[in-house]
Amino acid sequence: MSVARYGFLGALAPPHRERLLAFAREVRFPAETRVFEEAGPADRFWLVRSGLVALDIHVPGRRATVVETLGQGELLGWSWLFEPYRWHLGARCHAGVTAYEFDAEPIRAACEEDTDFGLALTHGVAEVIARRLKATRTRLLDLYGPPGSGGATP
């Protein structure tokens, strides 16, 4: 199944999807590869084609806590779009991963040049951020909050 038919790419209109994919290059990460570290420079992003990537957050005095696992069609990394261009989470491959990789700088320049493309991409990334923040909050409440605080609100 083509990753362009669903997930982050599937949410983009075909002309915007094609424009974004023109910047892509295919990469592979072996299992247990640390893709990026929390607070490190966010100068690229990926669209997962296959495999699983765990997003984690550093919790002082504890091991990194996995807050979400990403799979096929999902956007890996959004911090590249917003200053100060630093990762808000860390990422490690659970299994071998294939992905489309994008350098942030030319994508940001394309967003400035073509405001329709920029708006579409920013909107798509904003939707990802909203989902990730909710997942992170829920996971952290499940781990560290009072009983019942991480579940769905009635």
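Trainee: Which residues line the largest cavity?
Mentor: The lining consists of F36, L55, G77, W78, S79, W87, H88, L89 and R132. Lining residues have an atom within 4 Å of a cavity point, and a cavity is a set of points on a 1 Å grid over the protein atoms alone where a 1.4 Å probe fits but cannot get out. Before we go on: this is a predicted model, where local features need pLDDT of at least 70 and side-chain atom pairs count only at pLDDT 80 or more, while totals for chains, interfaces and linings use all residues. Residues are numbered from 1 along each chain as its sequence is written, and side-chain values use heavy atoms, with hydrogens and water left out.

Trainee: How much space lies in that largest cavity?
Mentor: About 60 Å³, where a volume is the space filled by probe spheres set on the grid points, which are joined across faces, edges and corners. A search of the whole structure finds one cavity of 30 Å³ or more.

Trainee: And what is the lining like by class?
Mentor: Five nonpolar, three polar and one charged. Here Ala, Val, Leu, Ile, Met, Phe, Trp, Tyr, Cys and Pro count as nonpolar, Asp, Glu, Lys and Arg as charged, and the others, Gly among them, as polar.

Trainee: Switching to strands, how many bridges join β4 to β7?
Mentor: Four, with β4 (residues 53-57) running antiparallel to β7; V53 has C93 as its bridge partner in β7. Strand β2 (residues 34-36) is also antiparallel to β7 (residues 90-93), joined by two bridges, and R34 partners R92 there. Two strands pair if DSSP finds at least two bridges between them.

Trainee: What about helix α3, which residues are buried?
Mentor: In α3 (residues 104-113), they are A104, I107, A110 and C111. Seen down the helix axis, the buried residues of α3 fall within an arc of 125 degrees, so they line one face; the arc is that of the directions from the axis to the C-beta atoms. E105, E112 and E113 are exposed on the face turned away from the buried side. Buried means under 20% relative accessible area and exposed over 50% (1.4 Å probe, protein chains only).

Trainee: Zooming out, how many helices and strands does the protein have?
Mentor: Four helices and eight strands, counted as DSSP runs numbered from the N terminus (helices H or I, at least four residues; strands E, at least two).

How values were computed
1 Å grid on protein atoms, 1.4 Å probe; cavity = no way out; pocket = protein on both sides within 12 Å on 5 of 7 lines; lining within 4 Å.
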